[in-house]
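Please walk through the model displayed here, one part at a time.

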Amino acid sequence: MSNSVNTRSQPGLSTTQRVAVSTGAVALVLGVWQLSGTLKWIDPLLLPPPTEIFQTTVDILADGYRQVSLWQHIWVSVLRATVAFAAAIATGIPLGLAMGLSQPVSAVLEPFVQFLRPLPKIALIPLTVVWFGIDEGSKFFLIYISCFLSVVVSAAAAAVGVSKNRIRAAQTLGANRYQVFTRVVLPNALPEIFTGVRLSIGIGWTSLIAAEMVAANSGLGWMVINAGTYLRTDVVMLGILLLGGIGYLFDLALVLLQRTFVPWAGRDA
Amino acid sequence: MNQIAQLPARVRLAGISKSFASGKQAATPVLSDISLELEQGELVCLLGPSGCGKSTILNLIAGFEQTDSGAILLDGSPVNKPGPERGVVFQQPTLFPWLSVLDNVTFGPRMAGVKKSVYLPEAERYLRLVGLQDFHHHMPWQLSGGMRQRVALARAWLPNPEILLMDEPFGALDAQTRLMMQELLTSVWQKTGTTILFITHDVDEALFLADRVLVMSARPGRICAEFKIPFPRPRDIEVLVADVGYGTLKQKILHIVREEARKSMAGTAP
């Protein structure tokens with residue numbers, strides 16, 4: 001939060017200048033990339049140039065990839081991720097808040113959360129398949145669990161992070177315990193929860209590939225893995241661009257939500 | 001304020017002591033055997049070197065902390081937890097950044113379930129008193145430090161507390177703003193007649209504001225001197241500094257404060 005404020009207030013570059021420089025940098029990389037293919041610096045099989053990826057995109061948009069349309073791949077992945085994100089947020093925030101507010105709850109759950117959170121979720125694939133089969137259940141679980149743990153930890157930290165004097169101010173104004181929670185602790189934690197959710201969604205989106213390694217037959221993650229086994233690096237690159245772009249859009253949507261719902265994020269009072 | 005000096009004390013601290021345990025060390029006494037009384041409508045400044053425990057006294061009266069021994073009585077009944085009859089203004093404004101100025105100021109009555117038709121005119125009155133009548137719908141971060149502290153003042157004052165506790169509320173402001181806030185505080189106080197305990201380490205601030213100045217010793221804090229401040233109200237800082245009596249009084253108080261500060265420096269030296 002304060003980070004982005006700092007970036008904006010740095011001397012030298014205005015917002016327009018920043019956007020211009022960033023666009024220029026991307027254009028430059030794309031240009032060099034294209035040249036590397038056109039001038040045969042690099043075997044197109046290893047690094048297909050942007051024009052080839054564009055051509056592939058046009059083809060796949062027309063014919064689909066492995067009998068499934070590109071839109072279907074995108075839709076399936078976004079749906080899987082969104083459902084898992086929603087479930088992770090809906091369950092993770094209350095649990096995290098409970099951990100942050102209650103020492104006993106935190107003492108009980110902390111060891112499990114701290115053990116599972118850094119665990120590479122790919123290691124869970126064999127178990128999830130045994131437990132949830134190879135259908136949507138296991139894919140949902142893999143995205144859910146990685147996103148959920150991260151939400152829990154950040155919500156717990158956010159609930160603890162309220163300043164003592166802010167609570168005291170509310171108490172001297174007559175707020176009871178319940179009011180202190182709903183009117184101070186909760187709104188105070190919201191900006192940090194939002195930031196936590198942003199990070200968690202990034203993590204959850206990352207585990208989409210892991211989830212779609214589990215015997216899927218559609219989805220962007222699956223498309224990338226499948227194309228890789230057939231050395232279709234152009235399709236792999238397209239999948240990567242789409243995964244990155246959609247991840248970016250998710251983050252952008254959350255930034256907009258954050259600005260709308262918690263405009264006080266990072267502000268002093 | 002002479003005509004009300006005969007009224008019984010609103011706030012009475014009777015022989016309170018407090019010590020804080022720090023790690024494995026033995027508890028360090030912070031306050032020892034403090035007794036003081038505040039009368040209805042009095043503005044008392046508690047003056048002392050930093051670390052002498054003056055904020056601890058405020059925290060005890062506010063109910064944020066508990067005494068080890070002795071009693072704190074508000075209108076005869078003991079104080080043991082925070083409550084709206086004891087308003088607090090902190091060193092930092094401590095506003096709620098998610099609420100507008102008006103919502104911050106009306107936080108108290110809204111928590112108590114007071115009807116909007118009752119608290120709104122009062123809130124408007126207090127916002128006018130602190131000069132923020134045109135800022136109802138601003139958010140705290142859109143205001144300067146001095147304006148935020150005025151919001152905090154109105155917020156603490158609106159529930160009409162028996163006593164207002166102020167913990168160096170103008171300490172973080174620049175000199176000019178601080179002077180304006182001091183004038184603002186005394187003018188609102190003269191209109192409302194609220195009892196105020198004001199903590200400061202600034203002798204000039206104490207002399208300008210107070211009916212009575214209590215000087216605290218180095219840790220463990222005791223009240224080591226008491227001064228009645230005779231200057232008539234409303235006070236004007238320019239008139240005050242030209243007054244010979246002001247200089248003499250300031251010199252006397254400054255002398256004690258400096259002595260105590262020196263002791264506390266010596267006490268904390270390795």
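**From helices to sheet to core**

In this predicted model, chain A has eleven helices and zero strands. Read from the N terminus, its elements run α-α-α-α-α-α-α-α-α-α-α. The C-alpha trace of chain A spans about 70 × 55 × 30 Å along its principal axes. Of the 269 residues in chain A, 35% are buried. Among contacts in chain A between residues at least 6 apart in sequence, 73% join residues at least 24 apart.

Chain B contains an open sheet of six strands, ordered β6-β7-β8-β3-β9-β10, with mixed pairing. Its edge strands are β6 (86-89) and β10 (223-228) of chain B, each of which pairs on one side only. From one strand to the next, the twist averages 20°. Within the sheet, β7 (residues 163-167) and β8 (residues 195-200) of chain B pair in the parallel sense over five bridges. B:Met166 has B:Phe198, in β8(B), as its bridge partner. Helix α5 (residues 145-157) of chain B packs on the sheet and touches β6 and β7 of chain B; the helix direction makes about 175° with that of β6(B).

Leaving aside neighbours within four places in sequence, B:Phe198 is in contact with residues including B:Leu43, B:Val44, B:Cys45 and B:Met166. The largest nonpolar core has 124 residues, and B:Phe198 is among those with the most contacts inside it, together with B:Leu47, B:Ile61, B:Leu197 and B:Ala210. Helix α7 (residues 136-160) of chain A gives the most to this core, with 15 residues. Domain 1 (2-85 + 163-268) and domain 2 (94-160) of chain B both give residues to this core, so the core lies between them.

Note on methods: Residues are numbered from 1 along each chain as its sequence is written. Chains are lettered from A and ligands numbered from 1 in the order in which they are written. This is a predicted model: local features need pLDDT of at least 70, side-chain atom pairs count only at pLDDT 80 or more; totals for chains, interfaces and linings use all residues. A nonpolar core is a set of buried Ala, Val, Leu, Ile, Met, Phe, Trp, Tyr and Cys residues joined through C-beta atoms within 7 Å. A residue is buried if 20 or more other C-beta atoms lie within 10 Å of its own, exposed if 12 or fewer, and partly exposed in between; C-beta atoms are placed from the backbone. Helices (H or I, at least four residues) and strands (E, at least two) are DSSP runs, numbered from the N terminus. Domain bounds come from an automatic or database domain assignment. Two residues are in contact if their C-beta atoms, placed from the backbone, lie within 7 Å. Two strands pair if DSSP finds at least two bridges between them. Axes are lines fitted to C-alpha atoms, for helices over the stretch in contact, and angles run from 0 to 180 degrees between N-to-C directions.
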